[in-house]
Amino acid sequence: MTIDYSLYLVTGRDLLPEGMTYLDSLEESLRGGVTIVQIREKKADTLEFFEIARQSKTLCDKYKVPLVINDRVDIALAVQADGVHLGQTDMPVHVARTLLPPNAIIGVSCNNLDHLKKAVEDRVDYIGIGAVWITNTKELTNPVIGVRGVGSFLSALDGTDVKAVAIGGIKSDNFLRTLHGSVSPSGHRLDGVAVVSEIVASRDPYRSARTLREAYTSWSAQLANQEKAWSAPMYTTDSVKAGVIGLIRAIRDHNPLVHQITNVVVTNQSANVTLALGASPIMATAPEEMEDLSRVLGALLINFGTVTDKEGMVPAGKYANRESKPVVFDPVGVGATQFRRRTAAHLLDNWQASVIKGNAAELSALAKSEEVQAKGVDSVGSGFVDPAKFVKELALRERCVIALTGPTDWVSDGVTVIKLDNGHKLLGNITGSGCMVGTCIATFCAGAWTQASIEDSFGKLVRGDMLLGAVGGILVLTIAAEIAASRPEVRGSGTFFSALMDELYNLTPDTVLERAKVQVF
């Protein structure tokens with residue numbers, strides 16, 4: 001039997017809504033697209049467990065969906081289930097294997113890499129990785145792994161035929177984040193996602209299951225299309241320049257709304273930069289506004305330079321993901337304190353960034369590298385030995401575009417690397433120049449979103465060309481800086497800033513095309 005683990009239902013009768021019977025809920029979820037079912041009954045006595053499992057097996061057979069039993073090998077044998085799922089304190093795998101038929105499925109829960117290593121040695125069919133999110137359906141005895149922590153488990157499965165299913169607190173509002181973020185640097189992905197309350201506690205389990213199943217199918221199809229596109233070169237120097245010119249026009253034609261949760265130092269500058277480029281800024285931070293704003297914005301920028309609006313940053317990113325909108329993350333000074341590092345990790349575990357922009361120290365801290373050190377919000381030293389390799393690897397790990405800013409800027413989506421050599425040293429002498437780059441990137445990502453034609457549900461995470469958005473945002477600011485610095489009235493940082501705003505406002509597509517210094521690798 002070929003097992004489809006994509007939508008893995010774990011039952012829990014105590015979660016059923018009033019008026020919904022267990023068998024009705026199970027059948028509706030099977031009709032909706034559940035691909036494998038695990039019966040989990042921690043409080044039932046043996047006879048009750050047997051009856052539940054027997055009736056469940058009848059329904060699963062009707063829909064040709066495999067049934068596994070949690071913990072109880074005897075029940076699995078009694079109802080001729082397709083296999084068992086074992087926890088770390090349940091019967092050892094090698095013993096269960098001797099009792100079950102040769103083709104029985106055996107899965108094991110894994111919360112750390114030692115668990116995984118043992119499961120691989122025991123030749124299990126699949127592992128359950130979790131808990132990925134905080135969950136109320138099961139008392140946790142181990143720490144939450146987090147979406148971005150799943151990648152290390154998947155890396156450890158490279159070269160094996162063991163399948164991987166994520167479990168723990170997975171619901172409709174984090175389902176795509178779980179799929180998209182749970183990927184190893186080598187591209188190893190989840191084979192499925194296990195859900196409990198999202199379906200079992202639903203008053204419409206058919207619709208709940210169908211929604212999740214369609215989201216998974218769309219995600220898989222989009223990845224296949226993406227990999228096919230990546231097999232051939234997608235960008236050239238000329239195509240990058242032409243793409244940026246197209247985004248400049250899209251921004252000025254459509255005036256997208258750019259929502260910015262940014263630090264108090266640069267709020268005014270960032271709003272004016274947005275206006276100068278032809279977009280509309282809104283600088284809102286209240287959590288209560290985020291759902292409504294997500295429906296009308298063109299892109300979201302989250303800049304946590306003063307880390308005072310975390311309560312708004314979490315829902316803002318989630319709602320932007322849900323509404324197909326780009327999310328640009330600027331982790332200002334993330335390497336300066338433990339608090340900033342924890343905050344960045346929390347945010348990236350809760351939503352998927354489209355672009356992460358930072359200087360060498362910030363991105364080094366995010367990557368947990370010691371190659372570049374931080375001094376407050378600034379970098380110390382000469383930077384990365386191989387910046388192209390660094391941005392490419394971090395883009396693969398974070399599953400988004402990485403923009404490394406500095407004297408030379410580097411941008412990558414994990415496949416293509418683009419080097420940008422525009423700019424002027426006076427940018428380093430004005431407050432918030434790095435934050436203004438983030439604003440420009442968010443504005444250009446809004447332009448890319450406006451241009452995009454992708455309509456499927458996976459577009460919630462990748463809609464529009466975010467690589468061009470990041471490149472365009474960097475180019476307009478650095479080219480405007482070059483022109484501003486050459487003006488005769490510019491005598492220092494004060495006059496430079498005013499000239500910079502003017503040049504951003506007056507920048508033409510022809511000027512960008514003429515001056516852009518772009519190399520594609």
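The model is a predicted one, in which local features need pLDDT of at least 70 and side-chain atom pairs count only at pLDDT 80 or more, whereas totals for chains, interfaces and linings use all residues. Residues are numbered from 1 along each chain as its sequence is written, and side-chain values use heavy atoms, with hydrogens and water left out.

The domain assignment of the chain gives domain 1 as residues 7–203 and domain 2 as residues 237–520, the bounds coming from an automatic or database domain assignment. Taken over C-alpha atoms, the centres of domain 1 and domain 2 are separated by 40 Å. Twelve residues from domain 1 and 17 residues from domain 2 take part in the contact, where contact means heavy atoms within 4.5 Å.

What holds charged groups together across this boundary can be followed residue by residue. The count between domain 1 and domain 2 is one salt bridge, a term that stands for a side-chain nitrogen of Lys or Arg within 4 Å of a carboxyl oxygen of Asp or Glu. Glu398 forms a salt bridge with Arg148, and the closest N and O atoms of these residues are 2.8 Å apart. Side chains of opposite charge can pair when their charged atoms come close.

Across the interface of domain 1 and domain 2 there are also seven residue pairs in polar contact, both residues being at pLDDT 80 or more; a polar contact is a pair of N or O atoms within 3.5 Å, and within protein one must be able to donate a hydrogen and the other to accept it, while residues adjacent in sequence count only if both atoms are side-chain atoms. By class, the side of domain 1 that touches domain 2 has five nonpolar, four polar and three charged residues, where Ala, Val, Leu, Ile, Met, Phe, Trp, Tyr, Cys and Pro count as nonpolar, Asp, Glu, Lys and Arg as charged, and the others, Gly among them, as polar.

His180 has its place in helix α7, residues 175–181; helices (H or I, at least four residues) and strands (E, at least two) are DSSP runs, numbered from the N terminus. A polar atom of the His180 side chain lies 3.2 Å from the backbone oxygen of Arg399. Is His180 buried or exposed? His180 is buried, because its relative accessible area is 7%, and buried means under 20%, exposed over 50% and partly exposed in between (1.4 Å probe, protein chains only).

By the salt-bridge rule, the count comes to 23 salt bridges. Asp204 forms one with Arg207, the closest N and O atoms being 3.4 Å apart; Asp204 is partly exposed at 33% relative accessibility, while Arg207 is exposed at 56%.

Arg295 and Asp292 meet in a salt bridge at 2.9 Å, N to O, and both lie in helix α12 (residues 290–296), three residues apart, about one turn of the helix. Arg295 is partly exposed, with a relative accessible area of 45%, whereas Asp292 counts as exposed at 51%.

Asp502 forms a salt bridge with Arg487, the closest N and O atoms being 3.6 Å apart. This pair links distant parts of the chain, with Asp502 in helix α20 (residues 493–506) and Arg487 in the loop between α19 (466–485) and α20, 15 residues apart. Arg487, Glu489, Asp502 and Glu503 are linked in a network of salt bridges.

**Features of the backbone**

A cis peptide bond, with omega about 5°, joins Gly130 and Ala131, and Ala131 lies in the loop between β6 (126–129) and α6 (150–156). Asn255, although not a glycine, has a positive phi of about 50°. Val307, found in the loop between β11 (299–303) and α13 (310–322), has a positive phi of about 40° although it is not a glycine, and Val307 counts as buried at 14% relative accessibility.
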